[in-house]
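Please read the following points alongside the model.

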Amino acid sequence: MKSDPQRQPNCRRGSVMRYCSNKDVNQLVRELVQAGWTFRCGRHGKLVPPSGLGFITISQTPSDHRCLLKIRRDIRRLQRGAGQSEQAKIVVA
């Protein structure tokens, strides 16, 4: 069964990785990936911290205007639970 390029998630189209349709969320995820986090594509992307413990679900087309705030909150909670370094915490602040 061949994969249809039109059915691939947004994050795999073109040469630039696109994580989310919201530009602010997209920028935050890009910074986290550069800081060592991993992003897995799918219907909803999964953002995995460097420790590999837990994940955050990122919608490709968020409908909530507070999605950026909620993602930052989830990142802080994950970092608090995993005891991550200060460098990774600066990205979220």
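1. I56 counts as buried because its relative accessibility is 3%, where buried means under 20% relative accessible area, exposed means over 50% and partly exposed lies in between, with a 1.4 Å probe and protein chains only. I56 lies in strand β3; helices (H or I, at least four residues) and strands (E, at least two) are DSSP runs, numbered from the N terminus. Leaving aside its neighbours within four places in sequence, I56 is in contact (heavy atoms within 4.5 Å) with W37, G45, K46, L47, D74, I75 and L78. I56 and I71 are 15 residues apart in sequence, and their C-alpha atoms are 7.6 Å apart in space.

2. On provenance, this is a predicted model, in which local features need pLDDT of at least 70 and side-chain atom pairs count only at pLDDT 80 or more, while totals for chains, interfaces and linings use all residues. Residues are numbered from 1 along each chain as its sequence is written, and side-chain values use heavy atoms, with hydrogens and water left out.

3. I56 is also among the residues with the most contacts inside the largest nonpolar core, together with V25, V29, W37, L47, I58 and I75, and this core has 16 residues. A nonpolar core is here a set of buried Ala, Val, Leu, Ile, Met, Phe, Trp, Tyr and Cys residues joined through side-chain atoms within 4.5 Å. The elements that give two or more residues to this core are α1, β3 and α2 (67-82), and α2 gives the most, with five residues.

4. The sheet is open and has three strands in the order β1-β2-β3, with antiparallel pairing; two strands are taken to pair if DSSP finds at least two bridges between them. Its edge strands are β1 and β3 (56-59), each of which pairs on one side only. Neighbouring strands are turned by 30° against each other on average, direction ignored, with axes being lines fitted to C-alpha atoms, for helices over the stretch in contact, and angles running from 0 to 180 degrees between N-to-C directions. Helix α1 packs on the sheet and touches β1, β2 and β3, its direction making about 40° with that of β2.

5. Within the sheet, β1 and β2 form a hairpin with three residues between them, and three bridges join β1 to β2 (residues 44-48). Strands β2 and β3 pair over four bridges, again in the antiparallel sense. F39 stands opposite L47 in β2, whereas H44 stands opposite S59 in β3.

6. How many aromatic pairs does a search of the whole structure find? There is one, formed edge-to-face by Y19 and F39 at 4.7 Å centre to centre, with 75° between the planes. Rings of Phe, Tyr and Trp (its six-membered ring) pair if their centres lie within 6.5 Å, with planes under 30 degrees apart counted as stacked, over 60 as edge-to-face and the rest as tilted. The pair links distant parts of the chain, Y19 being in the segment before α1 (23-34) and F39 in strand β1 (residues 38-40), 20 residues apart.
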